[in-house]
Amino acid sequence: MKTAIEINKLYESNYSQWLEETIESLKSRQLGEIDYDNLIAELEELAKTEKRRVRSLLEQIIRHLLLYQNWHIEKPRNANHWAAEIISFRNQINEELTSNLRNHLAENINLIYSNALDYVKAKTKLTNLPEICPYTLDQILDKNWLPSS
């Protein structure tokens, strides 16, 4: 049995081995060999990373929906590209989405939309874009839905 100091040093010197040993300790229920402080920190960071990733993907979808729906001067040239990007980002987000992450997106959709709106305004110089998200989360994630022009 390793001491807490040995386990902590392993975390600092060989993360991969620390992770493998932590997984094995959990599987075999050897709870005395768990580096709880670092494990908690890693799990918290993992949760933050997952949330950042799905927020980023949702923002990308919203950006492209706004471009698709509103940038009429560029639409003949770029509509297919925007639609393909929407599909790609939807596939990625739907692959990772859990009910917890979906709830996180629902709680943060206004901020995510605001960030997407800032980007689209800067890119297009359009002034007629809605300040409040015109799409529901279900619409944004629906693989078959695109806004009308």
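Predicted model: local features only at pLDDT ≥ 70, side-chain atom pairs only at ≥ 80, totals over all residues.
Helix H5 has a buried set made up of Leu101, His104, Leu105, Ile109, Ile112, Tyr113, Ala116, Leu117, Val120 and Thr124. These buried residues pack against H3, H4 and H6.

H5 spans residues 99-124. The helix contains a kink of about 65 degrees, and the kink is centred on Asn108.

After H5 comes Lys125, with a positive phi near 65 degrees. Lys125 has this positive phi although it is not a glycine. The residue belongs to the loop that connects H5 to helix H6, where H6 covers residues 137-141. Lys125 has a relative accessibility of 65%, and because exposed means over 50%, Lys125 counts as exposed.

Arg29 sits between helix H2 (15-27) and helix H3 (36-70). Its relative accessibility is 65%, so Arg29 is classed as exposed.

The last stop is helix H4, one of the helices that the buried residues of H5 pack against. H4 runs over residues 75-96 and includes Ile87. Is Ile87 buried, exposed or partly exposed? Its relative accessible area is 44%; buried requires under 20% and exposed requires over 50%, so Ile87 is partly exposed. The C-alpha atom of Ile87 is separated by 20 Å from that of Arg52, and the two residues are 35 residues apart along the chain.

Notes
Residues numbered from 1 in each chain as written. Heavy atoms only, no water. Helix = DSSP H or I, 4+ residues; strand = E, 2+ residues; numbered from the N terminus. Buried < 20%, exposed > 50% of the residue type's maximum accessible area, 1.4 Å probe, protein only. Bend = angle between axes of the 7 residues up to and from the residue. Contact = heavy atoms within 4.5 Å.
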